[in-house]
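Please look over the structure below together with its sequence, and keep both at hand while reading. The briefing that follows starts with one definition and then goes through the structure topic by topic.

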Amino acid sequence: MKKFLIPALALLLWAAPAQAHFGMVIPSAPTVMETGRSTLTLSLKFWHPFENVGMNLERPRAFQVWKDGQAADLGPVLKEKKERGFTTWTADYKLSRPGLYTFTMEPTPYWEPAEDRFIVHLTKVMVDAFGDDEGWDRPLGLAAEIVALSKPTGLYAGNVFQGRVLFGGQPVPGAEVEIEWYPGPDLKGRAPYETMVTQTILADDAGVFTYAAPRAGWWGFAALRAADYKLPLDGRDQDVELGAVIWVHFHEMPPAEPLK
């Protein structure tokens, strides 16, 4: 019996599609134009976005906002929250003047027993305020980063988003990029097959990838590779998956209206 069960179990495990992990930093709005709505609420998670299945996110090692190349620490304003029984974090931030604001999270390394490695996703998202969106194509200098080549705050559903994958500041030829849609709180996406929950594309020789989002909303792009360092666990050095993650919002295009 054991002779038959073990191969059968192995076949089931092999056939089951792996769920993609995504670091998430989702603001309450991708663009702010009115001073009366200038306070953002940011949600920080470690999640399976499309299926809205959670994991616990320990207090991030760093949570920052970048403007004009300078970073400010937002760690002290983080508040712990439970969502669907899992630990997430929120923070409120007031946009005080025009400009592009980039929020970044460096998580506490997450040990994934099923993959026998730590996971560290360096995650960022951009918000433009009061009509000023300069600088969206500039790298921040993160250890792993996706640099936007399409303005990430000005896309309609169906538009193409392009990004360049950088690790250690250098482009990654042929980088594999995983993509998932986040349908929003208390919702989950529907896919024809489980293998289509996470979409995957390859970057070109310059580390550039291209993707056209079929639906409005928040889309996550994650480029993953083995880090050049290990982390200790129970007396052993373990591998680390280092991820560059960017979240991009695609807008629904409103219909035309009659001229007045």
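A salt bridge is counted when a side-chain nitrogen of Lys or Arg lies within 4 Å of a carboxyl oxygen of Asp or Glu. By this criterion, Asp 68 forms a salt bridge with Lys 67, with 3.2 Å between the closest N and O atoms. What is shown is a predicted model, in which local features need pLDDT of at least 70 and side-chain atom pairs count only at pLDDT 80 or more, while totals for chains, interfaces and linings use all residues. Residues are numbered from 1 along each chain as its sequence is written, and side-chain values use heavy atoms, with hydrogens and water left out.

**Overall build**

- The protein contains 1 helix and 22 strands, where helices (H or I, at least four residues) and strands (E, at least two) are DSSP runs numbered from the N terminus.
- The radius of gyration, taken over C-alpha atoms, is compared here with a globule rule of 2.2 Å times the number of residues to the power 0.38.
- For the protein this radius is 19 Å, close to the 18 Å that the rule gives for 260 residues, so the protein is as compact as a globular protein of that length.
- Taken along the principal axes, the box filled by the C-alpha atoms is roughly 75 × 45 × 40 Å.
- Of the 260 residues, 47% count as buried, a word that means under 20% relative accessible area, whereas exposed means over 50% and partly exposed lies in between (1.4 Å probe, protein chains only).
- Among contacts (heavy atoms within 4.5 Å) with a separation of 6 or more, 67% come from residues 24 or more positions apart.

**Salt bridges**

- A search of the whole structure finds 8 salt bridges, and the general idea is that side chains of opposite charge can pair when their charged atoms come close.
- Asp 68 is exposed, with a relative accessible area of 59%, whereas Lys 67 is buried at 12%.
- Arg 97 also forms a salt bridge with Asp 68, and here the closest N and O atoms are 3.9 Å apart.
- Arg 97 lies in the loop between E8 and E9, and Asp 68 in the loop between strand E5 (62-67) and strand E6 (70-73), so this pair ties together parts that are 29 residues apart in sequence.
- Arg 97 itself is partly exposed, with a relative accessible area of 45%.
- Arg 117 forms a salt bridge with Glu 115, with the closest N and O atoms 2.6 Å apart; Arg 117 is partly exposed at 28%, and Glu 115 is partly exposed at 28% relative accessibility.
- Through shared partners, salt bridges join Lys 67, Asp 68 and Arg 97 into one network.

**Aromatic rings and charges over them**

- The whole structure holds 14 aromatic pairs, where rings of Phe, Tyr and Trp (its six-membered ring) pair if their centres lie within 6.5 Å, and planes under 30 degrees apart count as stacked, over 60 as edge-to-face and the rest as tilted.
- Tyr 93 and Phe 103 have ring centres 5.6 Å apart and planes at 80 degrees, so this pair is edge-to-face.
- Tyr 93 belongs to strand E8 (residues 86-94) and Phe 103 to strand E9 (residues 99-106), so the pair ties together parts that are 10 residues apart in sequence.
- Both Tyr 93 and Phe 103 are buried.
- Ring pairs also link Phe 50, Phe 161, Trp 181, Phe 209, Tyr 211, Trp 219 and Phe 221 into a cluster.
- A charge sits over a ring if NZ of Lys or CZ of Arg is within 6 Å of the ring centre and within 35 degrees of the ring normal.
- The charged end of Lys 67 sits over the ring of Tyr 101, 5.6 Å from its centre, and Arg 215 lies over the face of Trp 181, at 5.6 Å from the ring centre.

**Strand E22 and its partners**

- In strand E22 (residues 240-251), 11 of the 12 residues are buried.
- Two strands pair if DSSP finds at least two bridges between them, and strand E11 (residues 117-129) pairs with E22 in the parallel sense over 8 bridges.
- Strand E19 (residues 217-226) runs antiparallel to E22, joined to E22 by 10 bridges.
- Ala 244 in E22 is the bridge partner of Leu 122 and also of Ala 223.
- Strand E13 (residues 155-156) runs parallel to E22 with 2 bridges, and Tyr 156 stands opposite His 251 in E22.
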